[in-house]
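Hi everyone, thanks for making time today. Let me put the structure up on the screen, and then we can walk through a few spots together.

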Amino acid sequence: MRFLPTDEQSDFARTLRSLLGSAQVPAAVRAWADGEHGPGLALRSRLAGTGLFALAAPESYEGAGLLPLELALGFVELGRAGVPGPVVESAAVSVLLSELGDEALAKRFLPGLVAGDAWATLTLPDGSPYALDADAAAHCFTVSAAGELRLAGPASGEVLRSTDPARRLSRPAAAGGELLAAGPAVVRAAGAAGRWARLLTAAQCLGVGEALLERTVGYVKQRTQFGTPIGSFQAVKHRLADTLLALEFARPLVWAAALSLAPGDVAAAKLRCGEAAYRAAMTALQLHGAVGYTEELDLSLWLRKARPLRDAWGTPSECRAEVLRSVTPG
């Protein structure tokens, strides 16, 4: 069995990597952290031109079909580049509206999300109460424990920053907002959206880990100690090798989860990718030494993403519990 992306899928990933490599993403991330959304929105439009956002919507609503594997490949590249904004949440909203089966709602929101004209953010009853980048999203959706889907009102309170300054968090208004749908169909659609959000966050974690490892390998080849590159030291080689192995063992779990979308498979992928990205961050910080703590170094943009992404859409403990449920009889 050849368990690898097809040539077409690999070409799509390379196209995204090339686009993002020339897009000055670090500058857009820093602007986003300061509340300046213009560069990030321009980047969103360029990504939409590749068809990335169409991979989470049916063809009947100007999408390319629900293609989790292709979308996961794309989100690895988003993580590698450190793209800001509610990219996972927008895709999850597209899935929610696609799975809901309400044609009027799908026609109302999906074309804009597919075309990259708007971003959406989302909160689900089993997830964080804070919406990511609600101040930059055109739509903020909430699903309650009672199975009500609402278009939330303005966020209440100040915008909070996570460990990653580019992840701006706010709590949607507890009351009010337009009721869009309610009932068991909303609960089922929210479950599907949550699994996609967890999968795509896992893919982002994998990309963040790869970026951290790549930058660290480049640094240890240049930094010298006693006249010798520190990358030649056995202890450094072992640390980098362990980090690489963690990422490589996590990668096939992402592809397996994208193929099955089973809750246990998705949780396993998120667990391994999140932990691998966090390990890559700790390795990068240690091997860069004191310079790794500086905000001026682009490395900090990825260092600060690893921990929040590890916990977003499923903490390690939550993912372990889901994996255990999936393998426990009855």
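Before we start, a word on terms: by a helix I mean a DSSP run of H or I that is at least four residues long, with numbering from the N terminus. And please keep in mind that this is a predicted model.

So, let's begin with helix H2, which covers residues 25–33. Its buried residues are Val-25, Ala-28, Val-29, Ala-31, Trp-32 and Ala-33. After H2 comes Gly-35, with a positive phi near 90°.

Now stay with Trp-32 for a moment. How many aromatic pairs are there by the ring-centre rule? The count is two. In one of them, Trp-32 meets Trp-119 with ring centres 5.7 Å apart and planes at 80°, so we call that edge-to-face. Trp-32 belongs to H2, while Trp-119 sits in the loop between helix H6 and strand E3, so this pair ties together parts 87 residues apart in sequence. Both Trp-32 and Trp-119 are buried.

Phe-109 and Phe-141 are also paired edge-to-face, at 5.1 Å centre to centre and 80° between the planes. Here helix H6 is linked to strand E5, with the two residues 32 apart. Phe-109 and Phe-141 are buried as well.

Next, charges over rings. Arg-171 lies over the face of Tyr-130, 4.8 Å from the ring centre, and Arg-310 has its charged end over the ring of Tyr-278, at 4.6 Å from the centre.

Last stop: Ser-300, in helix H10. Its side chain reaches the backbone oxygen of Leu-297 at 2.8 Å and that of Glu-295 at 3.2 Å. Beyond its sequence neighbours within four places, Ser-300 contacts Arg-30, Thr-294 and Glu-295.

Conventions. Residues numbered from 1 in each chain as written. Predicted model: local features only at pLDDT ≥ 70, side-chain atom pairs only at ≥ 80, totals over all residues. Heavy atoms only, no water. Buried < 20%, exposed > 50% of the residue type's maximum accessible area, 1.4 Å probe, protein only. Polar contact = N/O pair within 3.5 Å; in protein donor to acceptor, adjacent residues only side chain to side chain. Contact = heavy atoms within 4.5 Å. Phe/Tyr/Trp six-rings, centres within 6.5 Å; stacked < 30°, edge-to-face > 60°. Lys NZ or Arg CZ within 6 Å of the ring centre and 35° of its normal.
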